[in-house]
Structures are given as structure tokens and as C-alpha cells.
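This briefing goes through a structure by topic. Please have the sequence and the coordinates open while reading.

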Amino acid sequence: MKLMRVGQAGNEKPALLDADGKIRDLSGHVADIGGEAITPAGLAKIAAIDPKSLPELEPGRIGACVAGTGKFICIGLNYSDHAAETGATVPPEPIIFMKATSAIVGPNDDVVIPRGSEKTDWEVELGVVIGKTAKYVTEAEALDHVAGYCVSNDVSERAFQTERSGQWTKGKSCDTFGPIGPWLVTKDEIPQPQNLGMWLTVNGQKMQNGSSKTMVYGVAFLVSYLSQFMSLHPGDVISTGTPPGVGMGLKPPRYLKAGDVVELGIEGLGTQKQTFVADR
């Protein structure tokens, strides 16, 4: 299934995209796409509904594909070819940092370049949405705790991230720096998350063209690994790292400015399009 949220910010309706590309209203069956609705039992309930029995919604703004995210966890330097382009060594264990949940926006919403930014950058990433509480789970059990996958743009301000001391979080958490969606694609539609093509363009120019097969630490490992340190709950999102082609890795580096348009997508998970605007 492809689950989504449609409507103005703060007033989205839960919906699904049917086989004909029509948006169907789920609000008569679930309160939102998150929490109980994306547990195994909740997804089974939605799957039992005949999509044609649901009211059709007019296309409109698409919101973030999951609501009520408690944790937005990101993994750094998780692609061997991306680590190489930045001159970094592949870490012996995953690099974990948090992105503030207040950064989450819809997949096509404007992204605001923060005041004082000169190094706003892009990162297409595979997002993993948790659907069942995970605590001390094994790698073999890990995917049982995943509801599905989505496209994530881990927008970053590199000077805030790496030049102002401290942790990466402040360069990752600016308002609007976390577009996710357009859909939460349930895991039954993505049987092999470690072999998905990924791409990103800036003003129509291809910048990233990679695959999740070059991830150092795969989805199952990451869910298991993270669950050793913290419980993962339905609606939590893991953004799993980016392939090469980010602005910071170019020679010379290239960063985003107001008016730039970024488009990105992942095989089977849909596409995003954002216009970058100056903060006011």
C-alpha cells in the first residue's frame, strides 16, 4: 500500500493511493497515518478495505507521510562512496544523530534557507518508518518492526553542522529541513530495500545517482543496532544516509540559494520537489 496525508499543514487527512493513482480518503477508518494505524494490526485493517469503497479526494498539498513522529534518527556516512567523496573514513559503527521533528514537512513544501546560511546542502535518503515497538531486537527480527519506507531529503547546513563546534544536530534541524514522503510505502511492496535506485537534481542537473546497495549498514542492521540504545516506536523515522553527489563533496563545493529547485526520488517510493526560499 501507498499511504499518504493530504491537505493544508496541520489539517491533513489520512489517505491511500489506489492502483489507478486516485487518492482515497481513509479518515472514516483511521485518525491519521501514524501510531496505531501503522502497527501490523493497523495496516492489516487498512489492507482489508476495498479502496473503491473510499471517497476520492481531489489532488492537493501532500503532507509528511507519517504523523506523530517521536524520533527522527539519522545515520551519517553510511554509503561507502559518499564517505569517499567527503574524505571521511567509513565508521566502525553507525554514526547516529537526531534531526528535530519540527523540521518535518511535506515532500513538495518550500524549504527555508535559514538566516546566516551559506552552505545549505541536499541529501536524498531512504527513510525507514517504524511500525512496531523495537527494543533489543536481533537483525533477523528487525524488519518485523518496520511499517514501510519513504523518500527523505536530509537537508543540511554544512557550516552549522561542521564549523561551529559541537554536534551535527544544529546543522540538520532547521525548520523545513526534513521533507518526507510523498507516501509511506508498506514493506510488502519493497521486499529488497538494499537495492533501490536513488537520484537527485538541482535546477534539472543530475547531482546524485546512486543505489541503496552501497549502504555500509543496511536497514535490518540499523533497526537492530538502534534498538540496543533506545526503544523505537511506531511513527519513528530513520533516515539511513546518502549516496555521493552532495554539494559539499563537489570540487569546488556547491550550495543551495533562494530560487533553486531540488527534485529527488527513490525507486518504488515516489518523488519530491522543493523550491528553496530565503528566511524572512
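Gln8 is exposed, its relative accessible area being 56% (exposed means over 50% relative accessible area, buried under 20%, partly exposed in between, with a 1.4 Å probe and protein chains only). The model is predicted: local features need pLDDT of at least 70, side-chain atom pairs count only at pLDDT 80 or more, and totals for chains, interfaces and linings use all residues. Residues are numbered from 1 along each chain as its sequence is written, and side-chain values use heavy atoms, with hydrogens and water left out.

**Gln8 and its loop**

- Gln8 sits in the loop that links β1 and β2; helices (H or I, at least four residues) and strands (E, at least two) are DSSP runs numbered from the N terminus.
- Gln8 and Arg61 are separated by 53 residues in sequence, yet their C-alpha atoms are 6.3 Å apart in space.

**Domains**

- The protein is assigned domain 1 (2-53) and domain 2 (72-278), with bounds that come from an automatic or database domain assignment.
- The C-alpha centres of domain 1 and domain 2 are 24 Å apart.
- Contact between the two involves 10 residues of domain 1 and 14 residues of domain 2, where contact means heavy atoms within 4.5 Å.
- About 900 Å² is buried between domain 1 and domain 2, 68% of it on carbon and sulfur atoms; buried area is the accessible area (1.4 Å probe) that two parts lose on being put together, summed over both.
- Of the area that domain 1 buries against domain 2, Lys2, Leu3 and Ile38 supply 56%, more than any other three residues.

**Helix α1**

- Helix α1 covers residues 40-47, and its buried residues are Gly42, Leu43 and Ile46.
- The packing partners of the buried residues of α1 are β1 (2-6), β2 (13-17), β11 and β14 (184-186).

**Ser152 in strand β11**

- Ser152 belongs to strand β11, which runs over residues 146-153.
- Ser152 has a relative accessible area of 1% and is therefore buried.
- The side chains of Ser152 and Ser239 are joined by a polar contact of 3.0 Å (a pair of N or O atoms within 3.5 Å; within protein, one must be able to donate a hydrogen and the other to accept it, and residues adjacent in sequence count only if both atoms are side-chain atoms).

**Thr201 in strand β15**

- Thr201 is part of strand β15, residues 197-202.
- Thr201 counts as buried because its relative accessibility is 9%.
- Beyond residues up to four places away in sequence, Thr201 touches Lys206, Met207, Val261, Val262 and Glu263.

**Cysteines**

- The count of disulfides is zero, a disulfide being a pair of cysteine sulfur atoms within 2.5 Å.
- Cys65 is in no disulfide, and the nearest cysteine sulfur, that of Cys150, is 3.9 Å away.
- Cys74 is in no disulfide either, with the nearest cysteine sulfur, again that of Cys150, 11 Å away.
- Cys65 counts as buried because its relative accessibility is 0%, and Cys74 is buried at 0% relative accessibility.
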